[in-house]
Amino acid sequence: MTTSSSEQGVSLGMPQLPAPAYPDDVRDRLARDAREIIARYPDSRSALLPLLHLVQSEEGHVTRTGMQFCADMLDLTTAEVTAVATFYTMYRRGPSGDYQVGVCTNTLCAVMGGDAIFETLQEHLGVGNGGTTEDGKVTLEHIECNAACDFAPVVMVNWEFFDNQTPDSAKALVDDLRAGAQVTPTRGAPLCTFKETARILAGFPDERAGAVEASGSAGPASLIGLRLAKGESAPARVVHPRASAQQDDQPHHPSPAEHLSSHDAPQDTSASDPAHPAGPAAEEGE
């Protein structure tokens, strides 16, 4: 018995036709940008990553047409371009939303509440991992570590940080994105669409007023090693475990400029919080 291509999702007949070309005006515009990118590198093939961001900024994902364009500009085969485009998860292979909402589910973020956030958003948005809402606004995905562990659990929108999230705050975030409300990251540049983000990642300046001046950095816990290496002294600080905190300890009230991480003081962000028990502990050997 033979299996049809529709059953397997593969073609068993004619080979795939070449990718359609961009319209002439689009190709001319992209070619000008591509030549500017290529001129930055002594070896033209080194420009492949930013070129993939460039074509992604055109359609919101890397299409066969985009990969063919990159191959033509760099004198590569489409197989060489495809190998790179499919290796990196930052390049989308299918249509996606204006806002890529990524929930970190790596170890620390997961145990601090990332798993609960991801599960809540899937149910709230009605999509699975990699799914896009019907209005085309939000694509949800779980992502690996984004080096913001001291602000766990972290949600990223188009690679901008939203720190110390909870299921409720994450739901409010995606609701605002879908409603077109202004959303401000915890740190870093103001939000823009995924296509605009892709063009910036291709190496073109962010021309929005105030975007370049907006700053974001790692938290105190991430930077303390660097400061010690520079000869700075670390401030003395004792953080009591939640279960054994002294009753007479005076609570710390941070100034408006201080951005505490979820490890600096107890916050309602942890899945292991007493209000969100992780379940009974098993004895060794069970």
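**View 1. Tyr 88 is partly exposed, with a relative accessible area of 34%.** The model shown is predicted, with local features needing pLDDT of at least 70 and side-chain atom pairs counting only at pLDDT 80 or more, whereas totals for chains, interfaces and linings use all residues. Residues are numbered from 1 along each chain as its sequence is written, and side-chain values use heavy atoms, leaving out hydrogens and water. Tyr 91 is buried at 3% relative accessibility (buried is under 20% relative accessible area, exposed over 50%, partly exposed in between; 1.4 Å probe, protein chains only). Phe 87, Tyr 88 and Tyr 91 are linked into a cluster by ring pairs (rings of Phe, Tyr and Trp, the last by its six-membered ring, pair if their centres lie within 6.5 Å; planes under 30 degrees apart are stacked, over 60 edge-to-face, the rest tilted).

**View 2. Tyr 22 and Phe 69 form an edge-to-face pair.** Three aromatic pairs are found in a search of the whole structure. In the pair of Tyr 22 and Phe 69, the ring centres are 5.9 Å apart and the planes stand at 75°. Tyr 22 lies in the loop between α1 (5-8) and α2 (24-38), and Phe 69 in helix α4, so the pair ties together parts that are 47 residues apart in sequence (helices are DSSP runs of H or I, at least four residues, numbered from the N terminus). Tyr 22 is buried at 7% relative accessibility, and Phe 69 is buried at 1%.

**View 3. Tyr 88 and Tyr 91 make an edge-to-face pair.** Their rings are 6.3 Å apart centre to centre, with 85° between the planes.

**View 4. Helix α3 (residues 48-59) packs with helix α4 (residues 64-74).** The angle is about 140° and the axes are 10 Å apart (axes are fitted to C-alpha atoms over the stretch in contact; angles run from 0 to 180 degrees between N-to-C directions). That makes α3 oblique to α4 (under 35 degrees is roughly parallel, over 145 roughly antiparallel, 65 to 115 roughly perpendicular, the rest oblique). From α3, Leu 48, Leu 51, Leu 52 and Val 55 make the contact with Gly 66, Phe 69, Cys 70, Met 73 and Leu 74 of α4 (contact means heavy atoms within 4.5 Å).

**View 5. α2 and α3 pack at an angle of about 155°.** Their axes are 10 Å apart, and the angle makes α2 roughly antiparallel to α3. Val 26, Arg 29, Leu 30, Asp 33, Ala 34, Ile 37 and Ile 38 of α2 meet Pro 50, Leu 51, Leu 54 and Glu 58 of α3.

Notes: Helices (H or I, at least four residues) and strands (E, at least two) are DSSP runs, numbered from the N terminus.
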